[in-house]
Amino acid sequence: MAGGRRAVLVALLALGSVVLVLVAAVLLRAFVLRAPTGVPRLWARSAGTAALSAGERRELKEALRGAIQIPTVSRSPEDLNTTAMAEFGSYIQKVFPAVFSSEFIQHEVVGEYSHLLTVQGSAPGLQPYMLLAHMDVVPAPPQGWHFPPFSAAEHQGFIYGRGTLDNKNSAIGILQALEFLLRRNYRPRRSFYVGIGHDEEVSGLKGARKIAALLEARGVQLSFLLDEGSAVLDGIIAGVKKPVAVIAVTEKGSMTLNFTVEKEPGHSSFPPKETSIGILAAAMSRLEQNPLRNLFGHGPELMTMEHLAAEFKFPLNIIMSNLWLFSPIVSRVLASKPSTNALIRTTTAVTLFNAGIKVNVIPSSARATVNFRIHSAETAAEVLEAVRSTIADDRVKIDVVEAFDPLPISPWDEQTFAVHIFQRTILDTFPDVDSVVPGTCIGNTDSRHFSNITRAIYRFNPVLLRQDDLPRIHGLNERISIENYEKQVEFMFQLIKNCDIETLPEPHASSHEL
């Protein structure tokens, strides 16, 4: 009996020792060790960026408002408001005279309505980069808007209108920053390109893809490319108090599938056991009830959490600093909300369902369309195989409408020029931001067409977004605050100047890693 008690005591002591070691390891990682992928700061934080005059601030506001008033709507690849797109081209040449008259800037129209500007730097040996944006916008029926969607109405410090966040703010902001630099007699040392697409909202096949093909044919290799994508997120990441700049280092792939069931038509008074609608509805239900696998830890979402670990409030800071232990719990929490579930798996969205012609007729066919946004750790072929396995019904015909794999993950380390330049520019432009972290763009951008001319593709719109801003993008009452847009122009102004260094300095002595 005594021997048994001793054995139990020894076991308890051993277990206690293991628990103490585990707790010590957890606390050590949370409060002492930093994420191994942190990027050191190379510059001390600056007190400010571009010194814009009151007149320049009025000018930049009116330039954006004028662009918003041009209804450059893309409905489909065959249905574009080309009249408005041609007007946009004339507008930017009128509003930015220094840009379009400069001796060292070449302007080309590509694909009839897109624009490519080549800014020839004074140091041709430096590798060029590219700033990318698009002029086209999604449709905006006026019902439900506080102000007409193409009025660019100014109200309580905001400009309302389709394109204020996606993505005329970037297109006009880049040109505005360049205009202001030229007026200060600034000539960049490093060459760069400005691309403004006209059909990004409908896949960018005639705009950005042609610009990319043109540059590739000329043998251009970019140091990096910056496009729209993520932003400075304020109050959006649960558990993080301060605004965080998230730069997407990849974007999800996409696949659209058509599903069809064909059956003999008939009268509804003597229906078969299963109709085409019933068979297809059951197949769609199986897709929704069996989501694709949780891939947390296999993509950039892990990097995001590791970089943000110290910014989370207790006890989340401990959990995020020890994902080696807590990742199963974190992955389940992320899967519980649509906005975060999209980061950790390939998503499934049934978007179209068509069947039936009359109330008393058994339809001969039923059709559905499903869109999948593919996680960076999967391919379109793997998703298609998983879908076929889930459907498991030969009566359901599956056709691929469109498919492309996720973009490669762009470099994010202390050797990467672009990451340091973004970090420096963000920290100087947004004084409340302390963390610049990598992330994933769950939508698709024009940048995907440029993977042949650079490995370093980043997606970041330098504006501050709060929770109530997110549904406005492609939704009702899209708007940008005038202060926010001024920050965007300041960011672009400073980014161009910051890119003119030839080599990166040594890490700043009092810096910490981001």
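Which residues of H8 are buried? Keep that question in mind while you set up the view: this is a predicted model, in which local features need pLDDT of at least 70 and side-chain atom pairs count only at pLDDT 80 or more, while totals for chains, interfaces and linings use all residues. Residues are numbered from 1 along each chain as its sequence is written, and side-chain values use heavy atoms, with hydrogens and water left out.

**Stop one: helix H8**

Select residues 300-308, which form helix H8; helices here are DSSP runs of H or I with at least four residues, strands are runs of E with at least two, and both are numbered from the N terminus. Of the 9 residues in H8, 7 are buried, where buried means under 20% relative accessible area with a 1.4 Å probe and protein chains only. They are Pro300, Glu301, Met303, Thr304, Met305, His307 and Leu308.

**Stop two: the second largest pocket**

Next, select Leu464, Arg466, Ser481, Glu483 and Asn484, which lie nearest the centre of the second largest pocket among its 19 lining residues. On a 1 Å grid over the protein atoms alone, a pocket is an open set of points with protein on both sides within 12 Å along at least five of seven lines, a cavity is a set where a 1.4 Å probe fits but cannot get out, and lining residues have an atom within 4 Å of a point. This pocket holds about 370 Å³ of space, and its lining takes at least two residues from each of strand E18 (457-465), strand E19 (479-481) and helix H14 (482-498). By class, the lining has 9 nonpolar, 2 polar and 8 charged residues.

**Stop three: the cavities**

There are 2 cavities of 30 Å³ or more. For the largest cavity, with about 60 Å³ of space, select Arg41, Leu42, Trp43, Ala44, Arg45, Gln423, Arg424, Leu427 and Asp428, which line it.

For the second largest cavity, with a volume of about 30 Å³, select Leu132, Ser170, Ile174, Leu226, Asp227, Glu228, Phe460 and Met492. Strand E9 gives the most to this lining, with 3 residues, and helix H5 (168-183) also supplies at least two.

Definitions and conventions:
Buried < 20%, exposed > 50% of the residue type's maximum accessible area, 1.4 Å probe, protein only. Points joined across faces, edges and corners; volume = space filled by probe spheres on them. Nonpolar A, V, L, I, M, F, W, Y, C, P; charged D, E, K, R; others polar.
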